[in-house]
Amino acid sequence: MAFAVTNGWVDGRWRAGGSRAVVCRSAPRMTLSPPRKSTRRVVAEPEEQHTLHHAEVPGLPHWRYTGPDLNAGPLPAVVYFSLTAAQSLGLPPYNSLPASLASQSLRVFSVSLPAHGTMPQNAAALSTWARHYSAGTDVAASFATRAARAIDQLFHRGYIANTNLHLAGLSRGAAVAAAVAARDDRVRSLLLLSP
């Protein structure tokens with residue numbers, strides 16, 4: 001499995017959550033070393049941001065997808081964990097990854113993360129997760145179990161081609177993507193953005 005974790009240089013110091021990607025191909029152990037300092041900055045202009053068309057996945061509440069019609073047969077797929085499914089696929093800048101894949105012959109699936117909904121709910125979600133963790137509930141692990149069952153359904157229904165499952169997550173979604181990847185041998189790659 002290939003791993004990619006984003007980190008970067010900020011004010012001359014190595015910081016998590018930057019825009020630089022490091023790929024490590026040795027799993028499960030991962031060692032990250034700072035890349036060479038880059039002075040290049042990439043800023044998305046408003047005209048570069050895309051709103052993608054996305055649709056519900058029949059029979060899977062809170063799941064949406066973008067890409068070729070589900071009746072087109074099995075295709076490579078990325079499951080992207082970010083905010084709600086609709087926001088993850090349709091709301092710039094959170095949909096930057098799915099938008100960058102729009103021209104590819106693949107599907108991007110997304111599911112709504114726990115405690116996410118409106119933007120104020122999304123902002124409060126970390127506090128909600130913290131309360132659950134304090135009460136002894138591993139939010140990411142329990143949600144990852146449900147997500148893994150749904151991914152089984154996506155395979156069973158012929159929406160994802162065998163050996164072509166890739167996971168990606170943004171922020172809290174990165175924790176969920178990592179938890180799902182740890183449970184599923186079918187995952188070919190894992191991309192963690194600002195974990």
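Is aspartate 184 buried or exposed, and at what relative accessibility? Aspartate 184 counts as buried, at 7% relative accessibility; here buried means under 20% relative accessible area, exposed means over 50%, and partly exposed covers the values in between (1.4 Å probe, protein chains only). The views below show a predicted model, in which local features need pLDDT of at least 70 and side-chain atom pairs count only at pLDDT 80 or more, whereas totals for chains, interfaces and linings use all residues. Residues are numbered from 1 along each chain as its sequence is written, and side-chain values use heavy atoms, with hydrogens and water left out.

**View A. The protein chain contains five helices and nine strands.** Helices (H or I, at least four residues) and strands (E, at least two) are DSSP runs, numbered from the N terminus. Read from that terminus, the order of elements is β-β-β-β-β-β-α-α-β-α-α-β-α-β. The chain has 195 residues, of which 43% count as buried. Among contacts with a separation of 6 or more, 62% come from residues 24 or more positions apart, a contact being heavy atoms within 4.5 Å. The accessible surface of the chain amounts to about 10800 Å², and carbon and sulfur atoms contribute 52% of that area. Accessible areas come from the Shrake-Rupley method with a 1.4 Å probe; for residues, only the protein chains shown count as cover.

**View B. Asp152, Asp184 and Arg186 meet through salt bridges.** Aspartate 152 pairs with arginine 186, the closest N and O atoms being 2.5 Å apart. This pair links distant parts of the chain, since aspartate 152 belongs to helix α4 (residues 139-156) and arginine 186 to the loop between α5 (172-183) and β9 (187-193), 34 residues apart. Arginine 186 also forms a salt bridge with aspartate 184, at 2.8 Å from N to O. Through these shared partners, Asp152, Asp184 and Arg186 are joined into one network. Aspartate 152 is partly exposed, at 36% relative accessible area, and arginine 186 is partly exposed as well, at 29%. A salt bridge is defined as a side-chain nitrogen of Lys or Arg within 4 Å of a carboxyl oxygen of Asp or Glu.

**View C. Glutamate 56 forms a salt bridge with arginine 64.** The closest N and O atoms of this pair lie 3.8 Å apart. Glutamate 56 is exposed, with a relative accessible area of 59%, whereas arginine 64 counts as buried, at 19% relative accessibility. The whole structure contains three salt bridges.

**View D. The structure has one aromatic pair.** Tyrosine 65 and phenylalanine 109 make up this pair, which is tilted, with 6.0 Å centre to centre and 40° between the planes. Tyrosine 65 lies in strand β5 (residues 63-66) and phenylalanine 109 in strand β7 (residues 107-111), so the pair ties together parts that are 44 residues apart in sequence. Both tyrosine 65 and phenylalanine 109 are buried. Rings of Phe, Tyr and Trp (its six-membered ring) are paired if their centres lie within 6.5 Å; planes under 30 degrees apart count as stacked, over 60 as edge-to-face and the rest as tilted.

**View E. Histidine 116 sits in the loop between β7 and α3.** Histidine 116 counts as buried, at 11% relative accessibility. A polar atom of the histidine 116 side chain lies 2.7 Å from the backbone oxygen of proline 114. The side chains of histidine 116 and arginine 172 are joined by a polar contact of 3.4 Å. A polar contact is a pair of N or O atoms within 3.5 Å; within protein, one must be able to donate a hydrogen and the other to accept it, and residues adjacent in sequence count only if both atoms are side-chain atoms. Beyond neighbours within four places in sequence, the contacts of histidine 116 include Ser82, Leu83, Thr84, Asn122 and Trp129.

View F. Most residues other than glycine have a negative phi, and most peptide bonds are trans. A cis peptide bond connects proline 92 to proline 93, with omega about 0°; proline 93 is found in the loop between α1 (85-90) and α2 (96-100). Alanine 115 has a positive phi, near 70°, and is placed in the loop between β7 and α3 (119-134). Alanine 115 counts as partly exposed, at 36% relative accessibility. Threonine 163 also has a positive phi, near 60°, and lies in strand β8 (residues 160-170).
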